[in-house]
Amino acid sequence: MRRVNIASPKFEYDPDDPAGFTAGMFRYGPLLGASQQGASVYELPPGQAICPYHYEYAEEEWLIVLEGRPSLRHPEGTDQLEPWDAVCFPPGPEGAHGVRNETEETVRVLMFSTVKHPAATVYPDSDKIAIWTGNKADDLITTRSSGVDYFHGETGSPNDPPASPGS
């Protein structure tokens, strides 16, 4: 049996995260050998958010507040959560959420979710969509407005050579 104690995690901060999205993360699912569920503890300094407002199409996500009073933006508005509040974000637009620390105290939350590939994440504020394949080289983030027609770049016959890039 593998065991991890999340009482005093060692948070990693990504130096490439922009201002407003500087959150420490302790991703412990892999340490436990998890393959179907993902789990992380996030540390949010004042004024920071975990990630942009978004919703998932393949995954159900859960949040449990461990410390502090984070603000939770959701489709009906924004609520301030309390320690030990739990929230479920179902797949699709009704599960849209953004977690931010608008207080002067550090916030810690536990988030866990199913892990499925392929998956799609929609970021409505910036009109982006991300496709997560399970293979980083094939993952894609683009604006939804840049979509192309289903037959874009296809030829009329299965024996025709593939279209050249940019056609």
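This is a predicted model: local features need pLDDT of at least 70, side-chain atom pairs count only at pLDDT 80 or more; totals for chains, interfaces and linings use all residues.
**Exercise 1.** Find the salt-bridge partner of Asp-127 and say where both residues lie.

*Solution.* 
- Step 1: A salt bridge needs a side-chain nitrogen of Lys or Arg within 4 Å of a carboxyl oxygen of Asp or Glu. The partner of Asp-127 is Arg-144, with the closest N and O atoms 3.1 Å apart.
- Step 2: Asp-127 sits in the loop between S10 and S11, and Arg-144 in the segment after strand S12 (140–143), so this bridge ties together parts 17 residues apart in sequence. The strands are DSSP runs (E, at least two residues), numbered from the N terminus.
- Step 3: Arg-144, at 37% relative accessibility, is partly exposed.

**Exercise 2.** How many salt bridges does a search of the whole structure find, and what are the details of those formed by Glu-82 and Asp-125?

*Solution.* 
- Step 1: The search of the whole structure gives four salt bridges.
- Step 2: Glu-82 bridges to Arg-69, where the closest N and O atoms are 2.7 Å apart. These two residues come from distant parts of the chain: Glu-82 is in the loop between strand S6 (77–80) and strand S7 (86–89), Arg-69 in the loop between strand S4 (61–67) and strand S5 (71–74), and they are 13 residues apart.
- Step 3: Glu-82 is partly exposed at 33%, and Arg-69 is partly exposed at 36%.
- Step 4: Asp-125 bridges to Arg-73, with the closest N and O atoms 2.6 Å apart. Asp-125 belongs to the loop between strand S10 (119–123) and strand S11 (128–132), while Arg-73 is in strand S5, so the bridge joins parts 52 residues apart in sequence.
- Step 5: Asp-125 is exposed, with 54% relative accessible area, whereas Arg-73 is partly exposed, with 34%.

**Exercise 3.** Describe the largest nonpolar core and name the elements that give two or more residues to it.

*Solution.* 
- Step 1: A nonpolar core is a set of buried Ala, Val, Leu, Ile, Met, Phe, Trp, Tyr and Cys residues joined through side-chain atoms within 4.5 Å.
- Step 2: The largest core holds 14 residues, and Ile-50, Leu-63, Val-109 and Met-111 have the most contacts inside it.
- Step 3: Two or more residues each come from strand S2 (37–44), S4, S7 and strand S9 (107–114). S9 gives the largest share of this core, three residues.
- Step 4: Another core lies apart from this one; its eight residues include Tyr-28, Ala-39, Ile-64 and Leu-110.

**Exercise 4.** Which strands pair with S2, and why is S2 called largely enclosed by the rest of the structure?

*Solution.* 
- Step 1: Strands pair if DSSP finds at least two bridges between them.
- Step 2: Strand S1 (residues 24–27) pairs with S2 in the antiparallel sense over four bridges. Opposite Arg-27 stands Ser-40 in S2.
- Step 3: S9 also pairs with S2 in the antiparallel sense, over eight bridges. Gly-38 has Ser-113 in S9 as its bridge partner.
- Step 4: S2 is largely enclosed because six of its eight residues are buried.

Key:
Residues are numbered from 1 along each chain as its sequence is written. Side-chain values use heavy atoms; hydrogens and water are left out. Buried means under 20% relative accessible area, exposed over 50%, partly exposed in between (1.4 Å probe, protein chains only).
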